[in-house]
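Dear colleague,

Please find below the structure that I am handing over to you. My notes on what was found in it follow directly after.

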Amino acid sequence: MRIRDRLGRIKRIAVYGHIASFLLVAAAAFAWFVTAHDACLYLGFFAMACLVGSVALGKHGARCPRCRHNLGSLTQYFGEKPVLLLRPVRFCLFCGVSLDEPHRP
Ligand SMILES: [Zn+2]
């Protein structure tokens, strides 16, 4: 596994966490509005905590395995090919290691 693959996996997990927890917050709020059960309120709080956790993972989870600096707050895309205006990051912005090197040499 390359460094790029690992960083991309962390970003994907964070984005899927954003989507799932936001949908769960919306569903819990709607169910609480309709039924007024306390369980829906607690589920909404749990989903809100998951949303905060996924945001924290996206911002602070993608770190360079060599220098441990945070790359997740500086770039959102670790793919190999350009997509729209997003260009691929080729090197770590802090230590200069190529993202195509193996994660564990
Ligand atoms: Zn680095």
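This is a predicted model: local features need pLDDT of at least 70, side-chain atom pairs count only at pLDDT 80 or more; totals for chains, interfaces and linings use all residues.

Ala 36 sits in the loop that lies between α1 and α2. Its phi is positive, at about 60°, although Ala 36 is not a glycine. Most residues other than glycine have a negative phi.

**The helix pair**

The secondary structure of the protein consists of two helices and zero strands. The radius of gyration is 18 Å, well over the 13 Å that the globule rule gives for 105 residues, and the protein is therefore more spread out than a compact globule. Along the principal axes, the C-alpha atoms fill a box of roughly 55 × 30 × 20 Å.

Helix α1 covers residues 3–35 and helix α2 covers residues 38–60. The two pack with their axes 8 Å apart, at an angle of about 160°. Because angles over 145 degrees count as roughly antiparallel, α1 is described as roughly antiparallel to α2. The crossing of α1 past α2 is left-handed. Sorted by class, the residues in this contact are 19 nonpolar, seven polar and one charged.

**The segment after α2**

Two residues deserve mention here. Arg 68 is found in the segment after α2. Arg 68 has a positive phi of about 65°, and it is not a glycine. With 9 other C-beta atoms within 10 Å, Arg 68 is exposed.

Phe 91 also has its place in the segment after α2. Is Phe 91 exposed or partly exposed? There are 14 other C-beta atoms within 10 Å, so Phe 91 is partly exposed. Leaving aside residues up to four places away in sequence, Phe 91 touches Gly 96, Val 97, Ser 98 and Leu 99. By contrast, Cys 40 is 51 residues from Phe 91 along the chain, and their C-alpha atoms are separated by 45 Å.

**The protein as a whole**

Two overall figures complete the description. Of the 105 residues in the protein, 13% are buried. Among contacts with a separation of 6 or more, 55% are between residues 24 or more positions apart.

With kind regards

Methods: Residues are numbered from 1 along each chain as its sequence is written. Helices (H or I, at least four residues) and strands (E, at least two) are DSSP runs, numbered from the N terminus. The radius of gyration is taken over C-alpha atoms; the globule rule is 2.2 Å times the number of residues to the power 0.38. A residue is buried if 20 or more other C-beta atoms lie within 10 Å of its own, exposed if 12 or fewer, and partly exposed in between; C-beta atoms are placed from the backbone. Two residues are in contact if their C-beta atoms, placed from the backbone, lie within 7 Å. Axes are lines fitted to C-alpha atoms, for helices over the stretch in contact, and angles run from 0 to 180 degrees between N-to-C directions. Angles under 35 degrees count as roughly parallel, over 145 as roughly antiparallel, 65 to 115 as roughly perpendicular and the rest as oblique. A crossing is left-handed if the near helix is turned anticlockwise from the far one by less than a right angle, and right-handed if clockwise. Ala, Val, Leu, Ile, Met, Phe, Trp, Tyr, Cys and Pro count as nonpolar, Asp, Glu, Lys and Arg as charged, and the others, Gly among them, as polar.
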